[in-house]
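Have the viewer open as you read.

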Amino acid sequence: MSTSLTVSILGCYAAAPGAFKNPTSQVLEIRNHLFLIDCGEGTQVALRRNKIKFVRIKHIFISHLHGDHFFGLMGVIMTFSLLKRTAPLTIYGPVGIKEVCLLQLKLTQGFTSYPLHFKELKSKEPQVVYEDDVVTVTTIPLKHRIYTNGYYFQEKVGPRKLDINSVLNLNIDKAYFNKIKQGGDMTLDDGTVVSNSELTFDPPPPKSYAYCSDTTYKPAIADQIQNATVLYHESTFLDSHEHLCKVTGHSTAKQAASIAKQANVANLILGHYSTRYPDLNAFKEEAQTIFANVHLADDGNVFTF
């Protein structure tokens, strides 16, 4: 079982794209899932550039309906069809995401070669939007100019790891291995009960990824994502432009670091930078005055935790 969590940054800049600065989009790989998070203009090109297999993307999570977070979505949807995709695709996002996609398909007389599903969101409280045997995805209500959610991706605790030396020494048949990995004790032929702790090791601690796109400073975020492995938090402005945060619905690098500190996360990734700043290092320097373990997103960066 893979225990790594990998984030591939396809784009991490605010507002309009530049020649070498893509708007927001990223891919999270966790427990053999490949989740596409936000889908700004140029996402499908960035997917190719980063050699990410389109067929593995089965779920797309859109934070809100500002163009720099979803204008690349129809391109991705149609390219999947051109590639003769057959696997279903589910898109999660605010109410309206279905209408805007289906209207474009209708007016262009387009269609998909695969089932296309939508899960529209409107709750202002955290809501589980996806769950399977290994991962749960919950919304993180944010505070922006329009209805916006981040997403919290959490691994479930995995099966215990078999202590192969112990089970072999006790001549335990392979037929019981799955029961043991699921936490069961073992009764030997002579009636001796061997506790599970003597036959297994603890599974790796589950990892988690909190994605917080456009938002003003909102301390309640920290309450929801306590002890997350990684927090991605927008940092549109430096502290010198904090006065712009309220009117635009954004945060500074210091405010992002404050959320990371309050939540006791292990790692903070900054992104969604205003293109007014020529040097990204200034974001890291400001954030590190509050929180030490800061990483800077940039287009093409890949982080593994």
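## Ground rules

This is a predicted model: local features need pLDDT of at least 70, side-chain atom pairs count only at pLDDT 80 or more, and totals for chains, interfaces and linings use all residues. Numbering runs from 1 along each chain as its sequence is written, and side-chain values use heavy atoms, with hydrogens and water left out.

## The sheet

Start with an open sheet of 7 strands, ordered 7-8-9-14-15-16-17 with mixed pairing. Strands are DSSP runs of E with at least two residues, numbered from the N terminus, and two of them pair if DSSP finds at least two bridges between them. Strand 7 (128–131) and strand 17 (294–296) sit at the edges with a single partner strand each, so one side of each has no neighbour in the sheet.

Strand 14 (residues 208–212) pairs with strand 15 (residues 230–234) in the parallel sense, over 4 bridges. There, Tyr 209 has Val 230 in strand 15 as its bridge partner.

## The rings

Tyr 209 also turns up in a cluster linked by ring pairs, along with Phe 35, Phe 61, Tyr 92, Tyr 130, Tyr 151 and Phe 153. Rings of Phe, Tyr and Trp (its six-membered ring) pair if their centres lie within 6.5 Å; planes under 30 degrees apart count as stacked, over 60 as edge-to-face and the rest as tilted. The structure holds 15 aromatic pairs. Take Phe 61 and Tyr 92: their ring centres are 4.4 Å apart and their planes at 10°, so they're stacked. Phe 61 belongs to strand 4 (residues 57–61) and Tyr 92 to strand 5 (residues 89–94), so the pair ties together parts 31 residues apart in sequence.
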